[in-house]
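This report is for a reader who has not seen this structure before. It begins where two chains pair and then turns to one chain by itself.

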Number of protein chains: 2
Amino acid sequence: MEIAMPDTAAPYQATDRTVPTRSRERASYDRALVHGILDEAYVCHLGFVRDGAPVVLPTLYGRVGERLYVHGSTGSRPLRAAGQADPGLAVCLTVTHVDGLVLARSAFHHSINYRSVVVHGIAHEVTDPQEKRTALDALVDHVVPGRSADSRPANAKELAATAVISLDLNEVSAKVRSGGPNDDPEDLGLPHWAGVLPLVPRYGTPIPSDDLDASLAVPGYLSAL
Amino acid sequence: MEIAMPDTAAPYQATDRTVPTRSRERASYDRALVHGILDEAYVCHLGFVRDGAPVVLPTLYGRVGERLYVHGSTGSRPLRAAGQADPGLAVCLTVTHVDGLVLARSAFHHSINYRSVVVHGIAHEVTDPQEKRTALDALVDHVVPGRSADSRPANAKELAATAVISLDLNEVSAKVRSGGPNDDPEDLGLPHWAGVLPLVPRYGTPIPSDDLDASLAVPGYLSAL
């Protein structure tokens, strides 16, 4: 089980495809920023090519250091493809938070505030049993930190039915827009409200399973959210 | 300007790539469900192929009937590619809402509740000036319904700098997971809390632009959100 652990102080190295053609000032290669954006989201959008056409599917993921993990049924198409392809499956994994709606005086300058991460790379099937367990724990802990230690681990049958692919964080960029609208100076006097409507994800009240033993309280790691 | 307006009562026709290999019971081809999922999200993830590799970028979009619109700078790579490619650019456009975290007794059955839509198709550049204006209005109204009528429309220079591509809703599927965990019967007695933690996006208080005329009140269409 080898997980690349580079100098975390050094930013990701920009490449042709991680330098945006537009709004370059919003791009960042900072590891801490990238990790934070990745860790805060629940779903990534995984893109791959099938029969020459793009496919983008939402899926859960987990992060261990500089490696991401995605899992699925051994029968699922991308996971099967990653296992069969040599040297792996070319993917693009993207995560986006929408932080606010940006209303400008001009239609042209309407936007959203967001934080996104785009990862390019080759996904490989995880075959090492120990790394596979680590990856599955990371996937559960990504949903609720601390949860893998408070659930029944996968048994042999479940492990056999689950495929895991890994994607190293090498060719990575973040992009962030924040702040108010960027109206043109000549539009500032127009009689249209301008500003930002923030969007804030909130957790609702936990809903116990119908068949839950009533003596089991909501665990601390959940109410901490 | 031709926008397909099929019988809205008929579902989308399933194709090989819109029938999932897993959890088929969660798939739907219902137009109203698909439209609802699309209209509620702010960002889609647009996938395309560049130099043989997948690229997935978050972007705003708008919907007019059975057609989606994405816009960007005329210099942006996918928009340029859609304009140059014949018959257009093969894309996959995906929208996902995360509705809750599903905690099961077993690590294996952890999941999330979600609603997603995946659209496959060929994106074309919109060249008709009237359709382009309609598309740009739809993009602004997708951010805040009613807003295009309360902002300065794009001028000739802005229109020239903006490229719009269209994608018809033909090859489309929705996928929905809801409800509690699906633990195996033999796990129901385990001492782990199980249930759902709902995730609810909320709007914060509108933040006026620093340079906003103080006499301009928050508009009704915004406070209605």
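In this predicted model, strand β10 of chain A and strand β10 of chain B, residues 195–203, run antiparallel and are joined by five bridges. Within this pairing, Leu199(A) has Tyr203(B) of β10(B) opposite it.

The contact between the two chains draws 81 residues from chain A and 81 residues from chain B. On the side of chain A that touches chain B, the elements giving two or more residues include the strands β2 (44–50), β3 (53–59), β6 (89–103) and β7 (111–125). Helix α3 (129–143) of chain A is also one of these elements, as are β10 (195–203) and β11 (207–208). Which element gives the most to this side of chain A? It is β10(A), with nine residues.

The residues on the side of chain A that touches chain B fall into these classes:

| Class | Residues on the side of chain A that touches chain B |
|---|---|
| Nonpolar | 51 residues |
| Polar | 19 residues |

Chain A by itself contains five helices and eleven strands. It has 225 residues, of which 41% are buried. The C-alpha trace of chain A spans about 65 × 50 × 40 Å along its principal axes.

Key: Residues are numbered from 1 along each chain as its sequence is written. Chains are lettered from A and ligands numbered from 1 in the order in which they are written. This is a predicted model: local features need pLDDT of at least 70, side-chain atom pairs count only at pLDDT 80 or more; totals for chains, interfaces and linings use all residues. Helices (H or I, at least four residues) and strands (E, at least two) are DSSP runs, numbered from the N terminus. A residue is buried if 20 or more other C-beta atoms lie within 10 Å of its own, exposed if 12 or fewer, and partly exposed in between; C-beta atoms are placed from the backbone. Two residues are in contact if their C-beta atoms, placed from the backbone, lie within 7 Å. Ala, Val, Leu, Ile, Met, Phe, Trp, Tyr, Cys and Pro count as nonpolar, Asp, Glu, Lys and Arg as charged, and the others, Gly among them, as polar. Two strands pair if DSSP finds at least two bridges between them.
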